[in-house]
Amino acid sequence: MVVASAFYFPSADQKTLIHVNQWTPLGEPPKGVVQIAHGIAEYGGRYAPFARFLAENGYVVTAHDHLGHGLSCRPDGPRLFFAETGGWQLAVDDIASLHRRMAGLYPEVPYFLFGHSMGSFLTRTYLTRRPAPLAGALLCGTGHQSRLLLAAGRRMVRREMARLGPEAYSERINHLVFGAYNRPFAPNRTAYDWISANPDNVDAYLADPLCGGRATLALFADLLEGIALVTDPRQIRKMNPALPVFFLSGDQDPVGDMGKGVDRACAAFRAAGLTQVTEKLYHGLRHEILNEKSSRFIYRDVLNWLEERRRA
């Protein structure tokens, strides 16, 4: 049996309450804890089927809503916004706060981080801080973008912010980022074909009022800053070299450059001295591999990896 619950904790921004979903197995003592960090323009509750599967197999699972996402929004604050300045590190601080809380509640079991998309880049940033002992990290829907392209993108976002302000929306920047992701799947049925080869998942995303929306320029600036940070070899070398890391992505995921960016990320981790790096690309799948029609196979691969690391 699994109990689903929710709670809040204060964000590092000292203004917002961060909403957390939790799934707890009943009966036997838990095998471990899995903390999920979601992607941009979504929220932790979307991971309920995956989280319930892990909980049914003995793991306590949490998934919080990042600042400005889901139910972690102030009534007077903009959606899809971390902060005017320093927002990326605030979001990473919130990951750290939840980690400390849950590790304190379950100190005797292995602890894992699972980051998807933007959440994978936030997780990778957190790993550069050498946090309290972790049994492993799973990085889903991630990539390793060109530093030249990142620099050009950051300049464009800064110019738009100077013109419109940090809380503004820019169709130009939105199209630059997400239009490029959708282009390989033309002719497009929707603006979000890139997230999934499963049209039911795309339609559910479009119908969900807590998904999508107009990302602020400050959030784009934070995201590009974060990606630039985690692709810097000097930062990667700060990670624990003994940390087990599992990269998993669809080979048709444009965030991971159709698999090539995932390969580059794995190579960068290995070059930095990490000795337990595993990679798996799923044929024909796009960005949200946990929501594809073949998701049961991904769920099982994740569980098997967790079990192997737990017993190591």
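Which element gives the most to the lining of the second largest pocket? The model is predicted, so local features need pLDDT of at least 70 and side-chain atom pairs count only at pLDDT 80 or more, while totals for chains, interfaces and linings use all residues. Residues are numbered from 1 along each chain as its sequence is written, and side-chain values use heavy atoms, with hydrogens and water left out.

Let's start with the strands. Helices (H or I, at least four residues) and strands (E, at least two) are DSSP runs, numbered from the N terminus, and two strands pair if DSSP finds at least two bridges between them. Strand β1 (residues 2-10) runs antiparallel to strand β2 (residues 17-25), with nine bridges joining them. One of these links valine 2 to proline 25 in β2. Six residues lie between the strands of this hairpin, and glutamine 14 takes a positive phi near 60° there.

Now follow β2 to its neighbour β4: the two run antiparallel and share four bridges, and asparagine 21 has alanine 63 of β4 as its bridge partner. Strand β3 (residues 32-37) also pairs with β4, but in the parallel sense, over six bridges. Here valine 33 is partnered by valine 60. Because six of the six residues of β4 (residues 59-64) are buried, this strand is largely enclosed by the rest of the structure. Buried means under 20% relative accessible area, exposed over 50%, and partly exposed in between, using a 1.4 Å probe and protein chains only. Tyr59, Val61 and Ala63 cover one side of β4, and Val60, Thr62 and His64 the other.

Next, look at helix α7 (residues 217-230). Mostly covered, α7 has 12 of its 14 residues buried, including Phe220, Asp222 and Gly226.

Finally, turn to the pockets. A pocket is an open set of points on a 1 Å grid over the protein atoms alone, where a 1.4 Å probe fits, with protein on both sides within 12 Å along at least five of seven lines; lining residues have an atom within 4 Å of a point. The largest pocket has a volume of about 710 Å³. Of its 30 lining residues, the closest to the centre are Gln145, Leu149, Leu176, Val177 and Tyr181. The second largest pocket holds about 290 Å³ of space. Among its 21 lining residues, Phe178, Ala191, Tyr192, Trp194 and Tyr205 are the closest to the centre. And the answer to our opening question is α5, which gives six residues to this lining.

Technical notes: Points joined across faces, edges and corners; volume = space filled by probe spheres on them.
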